[in-house]
Amino acid sequence: MFPFQVVYRDETQAARALDDERVLALIRFREPAAPLIDPRSGVIPLPELGGSSTVEVWLSARPVRVGVTHGVSHAGNDAVLFLQCRLDEYAPDALQPLTAMAYRRLFAAARELGYPHLLRVWNYFPAINRECGGLERYRAFCAGRHQALVAELTEFETHLPAACAIGTDEPGLRLYALAGRTAGIQIENPRQTSAFHYPRQYGPRSPSFSRAVLKAWGERHHHLYISGTASIVGHASQHVDLMAQLDETLFNLRALLAQANRLTPEPLRPALLKVYCRSDLDLAALRQRIVQALDADPPTLFLQADICRRELLIEIEGLAVGSAS
């Protein structure tokens, strides 16, 4: 049995979602009219493409426990903990130490509450491609994350969480994370250099994340938490055309699923996707290409956002599920 599920709902249908004691998290993609103080409520300030107004709901199989620890809001059940942390940048060049501080807080809260294994982390902050003090902000973020993960993880290269780092237009470093009482299995893509082995041309510290994490919930139920995936082969970006980048990204997603399927009794199927695009696009054409390539039509949310490399136009992350009846 899975300890939670993730669904997309129309914002009007989710107005009273937090009245449900099984809700682990409710994520909006724009600021609500009135501030929400529930620790389970979060905002990722990215415009939704297509004219919809969607919220992301994490629904536990059982009632959750809610609180705030070390400045980190959280909700958990017997198996998993959803955490979120927001920190304001106190100086233009402070992203590196701020990121290290945010990750230390995530680890401190998760461990104190009994969920020591980070499975998936989402990272959002403004001006991701801007240079500050001679260093691109994404690379400064990577240096801060690396500093914290090296200090917190005893086996750094084999226990990294899945992750994405996305640029917003609103201030503040926002981190969301999923932690477990037991660890998942790190999955890498044979078509790509592992991000933590990128050469120095990508910054003073390589990005510290796994391409995906496979988590077993019992013998025959599995989640695959898929990191932000883009048009990269080896360590180099590929193509300048959007649809060519999309096709390469989908090749990478299929390769990742194939790697994970070697370890599961039932094939994993995409259950939920989030697509980050730099500009407004023909969503029908994108959706059709995704469905054809993955042989699946999962609920898909399209958001306008900046990607971690200037030349990349699109990035896809998501959740895949394998289950035996």
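Visitor: What span should the 16 residues of helix H2 have, and how far apart are its end C-alpha atoms?

Guide: In this predicted model, helix H2 covers residues 137-152, and at 1.5 Å a residue it should span 22 Å; its end C-alpha atoms lie 23 Å apart, which agrees.

Visitor: How many residues of H2 are buried?

Guide: As a general idea, an α-helix has 3.6 residues a turn, so residues three or four places apart point the same way. In H2, 12 of the 16 residues are buried, so the helix is largely enclosed by the rest of the structure. Among them are Arg137, Phe141, Arg145 and Glu152, and the buried residues pack against helix H1 (95-113) and strands including E8 (117-126) and E11 (162-168).

Visitor: Which strands stand at the edges of the open sheet of 6 strands?

Guide: Strands of a sheet pair through backbone hydrogen bonds, either parallel or antiparallel. Here the order is E13-E14-E15-E20-E18-E19, with mixed pairing; E13 (185-187) and E19 (300-304) are the edge strands, each with a single partner, so one side of each is left without a neighbour in the sheet. Within the sheet, E15 (residues 221-229) and E20 (residues 314-323) run antiparallel and are joined by 7 bridges, with His223 opposite Val321 in E20.

Key
Residues are numbered from 1 along each chain as its sequence is written. This is a predicted model: local features need pLDDT of at least 70, side-chain atom pairs count only at pLDDT 80 or more; totals for chains, interfaces and linings use all residues. Side-chain values use heavy atoms; hydrogens and water are left out. Helices (H or I, at least four residues) and strands (E, at least two) are DSSP runs, numbered from the N terminus. The expected span of a helix is 1.5 Å times one less than its number of residues. Buried means under 20% relative accessible area, exposed over 50%, partly exposed in between (1.4 Å probe, protein chains only). Contact means heavy atoms within 4.5 Å. Two strands pair if DSSP finds at least two bridges between them.
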